[in-house]
There are 2 protein chains.
Amino acid sequence: MITAVAGGVGAARLLRGLVRVVDPTDVTAVVNTGDDTVLHGLHISPDLDTVMYTLAGRNDEERGWGLAGETWAVMDALHQLGGESWFRLGDRDLATHLYRTQRMSEGAALSAVTAELAERTGVRVRLLPMTDAAVRTRLVLSESGAEVAFQEYFVRLRHEVAVRAVRFQGADLATPGPGVLDAIVQAEVVIVCPSNPVLSLGPVLAVPDILDAIRGRRDHVVAVSPIVAGAAIKGPADRLLKELGEEPTAVGVARRYSSFAGTLVIDEADAAHAPEIEALEVRCVVAPTIMHGPEEAARLAAVVLDAGRHGPGRRSRDHSSRVP
Amino acid sequence: MITAVAGGVGAARLLRGLVRVVDPTDVTAVVNTGDDTVLHGLHISPDLDTVMYTLAGRNDEERGWGLAGETWAVMDALHQLGGESWFRLGDRDLATHLYRTQRMSEGAALSAVTAELAERTGVRVRLLPMTDAAVRTRLVLSESGAEVAFQEYFVRLRHEVAVRAVRFQGADLATPGPGVLDAIVQAEVVIVCPSNPVLSLGPVLAVPDILDAIRGRRDHVVAVSPIVAGAAIKGPADRLLKELGEEPTAVGVARRYSSFAGTLVIDEADAAHAPEIEALEVRCVVAPTIMHGPEEAARLAAVVLDAGRHGPGRRSRDHSSRVP
């Protein structure tokens, strides 16, 4: 059994590769819900949906979010009414939110609804929200000092503003969702996907029991750096790390992850950083990490699995290994 | 100023005629909200929307509900997900519900949101929900004794089941919405639209202060019978009256309305009932009441206005008057 700790797009891509090299039913994804929001009365779980749509082969590759072949009748009409249409919800995507909201209003937990949606969209990977509790990522803007909700920052402000601090409201009191701890404890390999370390993985690791469980599996935890050559593959991770006083490089990621990840996979472009990373007692594996398509994702997944299956000792004497 | 107490389709048709004979800005519609429901997390106000869409000229004439030129991408996708799709919500209609739900989640009252929506759809009639409180029409089914919500009965069960009792949950404690009492007290004529007497007007009149206010204007209240020749023009009003032990005729309507309506407009087909109705001390006006189009609606509105402007004394000695 393989367990992946996942944010949105980057995680979805790696998972799409992973299911090419292992049976999807052997894979569990523990997915960030810190981005979840209620808008127009609808419960929206962006990362769960990105992972689900991608694994169902229904995601829009070009746009990078939402469903392929989507239409926008509702949003267009809402815009004409003068409603809040900055958070674009496609017509088919809306059906997911209507389904989720209806079921949750009937008392179903997010985890139960997620399982229903995954089954109905043909996703065989087990999708687990990190928690059924409400954890909300909030950001303090540098200039104004105002605290805004995640989607306000990410979508409305297009993450173009500087951030002074990030907090995960509710995380300290949240318990992991059903199955989450078992999935971590029992996994052969725990993969920390190449997602935004602050905004996507931060909320998951802010749930104390999840962080403890992952720390307990450190030798079997393989993280993939989302920072390549000092820049995020997608999104504001690099800028954000810098704004928070961390190093926006693979080394910065290693530093952030060193307490729970025994191995970090970094891109070939960052091979020179390997000694610095190993000095943090994080084994470093160098591989191509940019996933242009499912083939590359599958190759990266194979590297990650191999690294996890041959994990480092707690004080590794391995040298960084280059995987072809 | 003219005030109309309104349900859905029948009321909307009469209002569309009314605005051809008086300035729309002189008209206030006090609209039933007993049909309101929360589905998929969305606040849906079917009668308010029917009146609004019709006055905006955007209603679907053939289908009899919703918007013309509507599309169904969301519902189709929801159906594929196995979600509850028996209550059909078109894509453009959904935008109305998203707008309303978002604004209400921000703390806006239904009355405030209704005014915003009316303005944004170009409706110049003042639309007032009967109350900002939650009043919910519920029906006790004859066979099972089960109590169901209005939309469950009306849409899911297609009003094909017998009903033993109707109640308006919350009505006894509800206060009229902002402007409602003034609109009734100050109106030159109060029109009780040809809506279902039990299901559409019942909830409005179940709000004690509204009923009292309308009773106080009895001489200026003109109701239009929705029952013609013993049958409802649309919907289950006739069957329902019968199931509740009332007479499914214009006379039954007069009996139900006699405490607050000084005048009842009945259809030519029911002219023979006039003496029975007058015997209830309700002045009877006979006119064509079936509105196939706006022209007929305007003619009926003119009859209603004329009757209201020349109201009966409390003990009318008029005879039923036939208006061409």
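Student: What makes up the contact between chain A and chain B?

Tutor: In this predicted model, the contact takes 26 residues from chain A and 26 residues from chain B. A pair of residues counts if their C-beta atoms, placed from the backbone, lie within 7 Å.

Student: Which element gives the most to the side of chain A that touches chain B?

Tutor: α4(A), with 10 residues. The elements giving two or more residues to that side are β4 (42–44), α3 (73–80), α4 (91–105) and α5 (110–120) of chain A. By class, the side has 12 nonpolar, 10 polar and 4 charged residues. Gly counts as polar here.

Student: How do you know that the copies meet through the same surface?

Tutor: Compare the two sets of interface residues. 100% of those in chain A are also interface residues in chain B, so the surface is the same.

Student: What makes β7 and β8 of chain B edge strands?

Tutor: The sheet is open, has 3 strands in the order β7-β6-β8 (chain B), and pairs antiparallel. β7 (147–149) and β8 (163–169) each pair on one side only, so they are the edges. The twist averages 30° from one strand to the next.

Student: How do you know that β6 and β8 of chain B pair?

Tutor: Pairing needs at least two bridges. β6 (residues 136–141) has 6 bridges to β8(B), running antiparallel. B:Thr137 stands opposite B:Phe168 in β8(B).

Terms used
Residues numbered from 1 in each chain as written. Chains lettered and ligands numbered in written order. Predicted model: local features only at pLDDT ≥ 70, side-chain atom pairs only at ≥ 80, totals over all residues. Contact = placed C-beta atoms within 7 Å. Helix = DSSP H or I, 4+ residues; strand = E, 2+ residues; numbered from the N terminus. Axes fitted to C-alpha atoms, helices over the stretch in contact; angles between N-to-C directions.
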